[in-house]
Amino acid sequence: MARFVVARLLTSVVLFLTVTLFVFIVFFVMPQPSIRTLGRGGNASEDDIHNSFRLHGTLAQQYAQFTWGIVRHGSRGHSYQNRREVTKMIRNAAPVTLSLLLGGLVFWLLLALPIGILSALRPRSLLDRAGMVFVLIGVSAHPAWLGLVLGWFLGYRLHLFPFTGYCEMFRPQTICGGPTQWVYHLLLPWFVFALLFAAIYARMIRASVLETLDEEYVRTARAKGAGEFKVLRTHVLRNAMLPVVTMIGMDIGTALGGVIFIESVFGLPGLGGMLRGAIPSKDLPVILGVVTFTTFGILLLNLVIDLAYGFIDPRVRQAQEGRVRLRTHVGSRSTPVGEPAPTAS
């Protein structure tokens, strides 16, 4: 297990260096005709921008200073608009975006799992057809439109949830604070965020469960007298969840894009608000800070997903550690997780 974790950590480090190199080249190396309009009233020069990030020397030295500043000091320069340190701005905004992202992830799984599993266990039923309608709405709706509609109906008309605003969970600065108010003000954004992805994942879980139910090892477990719940929990769900875990890691970046729209609709002071304010004014340090921070966040979340995948499917970490050898046979396939061992006739 230790080798598997170390291998994933090294892969994440290589990806982080690759991404920071790409960002450094785009922002500091490639020629940009509008470089003088990137802040300070349109009079910023290339030297001003490099001095803002304390980059000096050759390109290799500048890249090393840029990367070391992010890793060691978290330094991302100062905003051209208010001269505030970008790192402190991100430190204040990141918990809002992270709360929305992780809470929405929990909500969309809580919606998608029961809908997908029940639809697979009762195919072509009324629930299954209603799930298809749910999928079409979730796939077709834009997050801003869906947020405005649900916010107007549930927040403005029915007064079930606050329409805008954010409350601190720890150390609140105003009377609006604490875990209860924090959850209450995020319930509607979480629900909107969950609808966008729960629809897709419900159909994915349905298809995966249906495919797994037809496998031979499931029929073998039933023939041995295993109960339906045990078969579903031990043999079906463990294998059916593998593609779901993989897709969560791939959808993290897409989810962050949706978070920006949802923050705009509900007036949440997250990273999306920082980016919306920095792009029109061409505030390069803020733009660069949000890009590097979200990139690091995506890499970190993908690392967690990879480790979770290794715990769910032991074959992954066994292959990484070299404890098993894969043998290819014509017409054969790998043994699924939880498959009953063959018995002697």
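At what angle do the axes of helix 9 and helix 10 cross, and within what distance do they come? In this predicted model, local features need pLDDT of at least 70 and side-chain atom pairs count only at pLDDT 80 or more, while totals for chains, interfaces and linings use all residues. Residues are numbered from 1 along each chain as its sequence is written, and side-chain values use heavy atoms, with hydrogens and water left out.

The axes of helix 9 and helix 10 (residues 271–281) cross at roughly 85° and come within 8 Å. Helices here are DSSP runs (H or I, at least four residues), numbered from the N terminus. Axes are lines fitted to C-alpha atoms, for helices over the stretch in contact, and angles run from 0 to 180 degrees between N-to-C directions. On the side of helix 9, Ile-260, Glu-263 and Ser-264 meet Leu-271, Gly-272, Gly-273, Leu-275 and Arg-276 of helix 10, contact meaning heavy atoms within 4.5 Å. Three nonpolar, three polar and two charged residues make up the contact of helix 9 with helix 10. In this division Ala, Val, Leu, Ile, Met, Phe, Trp, Tyr, Cys and Pro count as nonpolar, Asp, Glu, Lys and Arg as charged, and the others, Gly among them, as polar.

Helix 9 (residues 228–266) also packs with helix 8 (residues 216–223), at an angle of about 160° and with the axes 10 Å apart. Helix 8 is therefore roughly antiparallel to helix 9. Tyr-217, Val-218, Ala-221 and Arg-222 of helix 8 make the contact with Glu-228, Val-231, His-235, Val-236 and Asn-239 of helix 9. By class, this contact of helix 8 with helix 9 holds five nonpolar, two polar and two charged residues.

Ten aromatic pairs are present in the structure. Rings of Phe, Tyr and Trp (its six-membered ring) pair if their centres lie within 6.5 Å; planes under 30 degrees apart count as stacked, over 60 as edge-to-face and the rest as tilted. Phe-193 and Phe-197 are four residues apart in helix 7 (residues 179–213), and therefore separated by about one helical turn. Both Phe-193 and Phe-197 are buried, that is, under 20% relative accessible area, with exposed meaning over 50% and partly exposed in between (1.4 Å probe, protein chains only). Ring pairs join Phe-193 and Phe-197 with Trp-108 and Tyr-201 in a cluster.

Several loop residues were also examined. Most residues other than glycine have a negative phi. Arg-124, in the loop between helix 4 (86–121) and helix 5 (126–140), has a positive phi near 65°. With 67% relative accessibility, Arg-124 counts as exposed. His-159, in the loop between helix 6 (143–157) and helix 7, has a positive phi near 55°. With 61% relative accessibility, His-159 is likewise counted as exposed.

Ala-141 is placed in the loop between helix 5 and helix 6 and is buried, with a relative accessible area of 13%. Not counting residues up to four places away in sequence, Ala-141 touches Leu-146 and Leu-196. The C-alpha atoms of Ala-141 and Leu-196 are separated by 7.5 Å, although the two residues are 55 residues apart along the chain.

Note on methods. Helices (H or I, at least four residues) and strands (E, at least two) are DSSP runs, numbered from the N terminus. Angles under 35 degrees count as roughly parallel, over 145 as roughly antiparallel, 65 to 115 as roughly perpendicular and the rest as oblique.
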